[in-house]
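My entries follow in the order I made them.

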Amino acid sequence: MTKDHKNEPILQLDNIVKSFDGKEVLKKIDLHVNKGDFIAVVGKSGCGKSTLLRIIAGLEEISSGSLLVDGTELKGRNQLAKMMFQDGRLLPWKKVSDNVGLGLKSEEKKQIPTILKQVGLAERANVWPAVLSGGQKQRVALARALIHDPELLLLDEPLGALDALTRMEMHELIEDLWKEKQFTAILVTHDVEEAVALANRVILIEEGEIVMDLPVHLPYPRQRDNPLFSSLVSQILNRIMGKKRKVEANLTTLAKTSTSASVRRA
Ligand SMILES: Nc1ncnc2c1ncn2[C@@H]1O[C@H](COP(=O)(O)OP(=O)(O)OP(=O)(O)O)[C@@H](O)[C@H]1O
C-alpha cells in the first residue's frame with residue numbers, strides 16, 4: 001500500500017496556546033509536519049508533550065491559534081489519527097484478536113490475521129491479554145491502531161514500561177511498519193536515544209515552547225555506535241539537562257558547604 005504524499009503538510013500548527021485553569025501549558029507552538037515524517041517529541045516531565053499530542057488527536061481543545069489537518073481546520077476528533085498509549089489499554093476480557101478487531105465491521109475484521117502477523121503475534125490471536133508479556137501487549141496495541149490504516153500514528157510514550165531489549169525490538173518493528181505503511185508518526189518519549197533511533201526530526205519542548213527542532217539525517221536502520229548518532233543524542237541531552245546541571249552544581253557546592261559547616265560545628 002502506498003500513501004499518496006511526501007513533502008505535503010499533514011499538520012500545520014500555528015501560534016497554538018493551551019491553558020489549563022488560566023495557566024499556559026503550551027505557548028505559541030508553531031509546528032508543521034509533512035506526510036511521511038517521523039517526529040519525536042522530547043522534553044522534561046510536565047513540559048507539555050502529551051498535551052500537544054492530545055491536541056493533535058483532537059482530544060483537547062486549543063485555547064488559541066490554528067490547527068490544520070490535511071489543510072482543514074480540526075474540529076473534534078482527528079479522523080486521520082490513531083493513538084497508542086504507554087499502558088496499551090487492552091480490554092482484559094477480550095482475546096487478542098477481539099482487542100485488535102474492536103469496533104470493526106466484519107469485513108474489516110478479515111484483516112486481523114494479517115496485522116497480527118505483521119506485528120509478530122500470529123500465534124497469539126486466541127489468548128487473553130493477561131498471558132502476554134509487556135512487549136506483546138504493546139504489539140497488540142500497535143496492531144489495534146494500525147488495522148485502521150491511519151495516516152497519522154500518535155505514540156504517547158508507548159515503550160516507556162518495557163525493558164531495554166524489548167524496546168529495541170519494538171523500535172525495529174515500528175520502523176519497519178512505518179516504512180511499509182508510510183504513515184506519519186509522532187512519538188512522545190522521555191528516551192532521547194529512542195527519539196534519535198526512530199525520528200527524522202526531533203522536537204524539544206521546554207516549559208510549553210519548542211526550543212529545538214533538529215533534523216536527523218542518518219540512514220535507517222540507525223546504528224547507535226555511529227559517532228553522529230551519539231553526538232545528536234548528546235546535543236539534545238545537553239540542551240535538556242543544561243539548567244539542571246547548573247542546579248546540581250549549586251547543590252553540590254551547597255552540600256559541601258553545609259558538610260564543612262556541620263564538621264566545624266562538631
Ligand atoms: N486536563 C488537565 N487539567 C489541568 N492541567 C493539566 C491537564 N492536562 C495536563 N495538565 C498540566 O499541563 C502540564 C503539561 O502536562 P503534560 O501531560 O502535557 O506534560 P508531559 O510533558 O507529557 O509530562 P510527562 O512526560 O510527565 O507525561 C502539567 O503541568 C500538567 O499538570
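This is a predicted model: local features need pLDDT of at least 70, side-chain atom pairs count only at pLDDT 80 or more; totals for chains, interfaces and linings use all residues.

Entry 1, a bridge. I looked up L68 and found that its bridge partner in strand 5 is E73. Strand 4 (residues 64–69) and strand 5 run antiparallel and are joined by two bridges. I take helices and strands as DSSP runs, numbered from the N terminus, with helices being H or I of at least four residues and strands E of at least two. Two strands pair if DSSP finds at least two bridges between them.

Residues are numbered from 1 along each chain as its sequence is written.

I traced four strands in the order 2-1-4-5, forming an open sheet with antiparallel pairing. Its edge strands are strand 2 (23–34) and strand 5 (72–73), each of which pairs on one side only.

I counted eight helices and 10 strands. Of the 266 residues in the chain, 35% are buried. A residue is buried if 20 or more other C-beta atoms lie within 10 Å of its own, exposed if 12 or fewer, and partly exposed in between, with C-beta atoms placed from the backbone. Among contacts between residues at least 6 apart in sequence, 69% join residues at least 24 apart. Contact here requires C-beta atoms, placed from the backbone, within 7 Å.

Entry 5, parallel pairings. I moved to strand 8 (residues 184–188), where five of the five residues are buried, so the strand is largely enclosed by the rest of the structure. T184, I186 and V188 cover one side, A185 and L187 the other, and all are buried. Strand 8 pairs with strand 3 (residues 38–42) in the parallel sense over four bridges, and I39 stands opposite I186. Strand 7 also pairs with strand 8 in the parallel sense, over five bridges. There L154 stands opposite I186.

I then followed strand 7 (residues 152–156) to strand 6, and five bridges join the two, which run parallel. M83 has L154 as its bridge partner in strand 7. Strand 6 (residues 81–85) has four of its five residues buried, so it is largely enclosed by the rest of the structure.

Is S50 buried or partly exposed? I found S50 partly exposed, with 18 other C-beta atoms within 10 Å. S50 sits in helix 1 (residues 49–57). Not counting residues up to four places away in sequence, S50 touches D156 and V188. I also checked S50 against I174: they are 124 residues apart in sequence and 20 Å apart in space, C-alpha to C-alpha.

I looked up helix 5 (residues 134–146) and helix 6 (residues 164–181), which pack at an angle of about 15 degrees with axes 10 Å apart. That angle makes helix 5 roughly parallel to helix 6. Axes are lines fitted to C-alpha atoms, for helices over the stretch in contact, and angles run from 0 to 180 degrees between N-to-C directions. Angles under 35 degrees count as roughly parallel, over 145 as roughly antiparallel, 65 to 115 as roughly perpendicular and the rest as oblique. On the helix 5 side I listed G134, G135, Q138 and L146, which meet T166, E169, M170, L177 and K181 in helix 6.

Key
Two residues are in contact if their C-beta atoms, placed from the backbone, lie within 7 Å.
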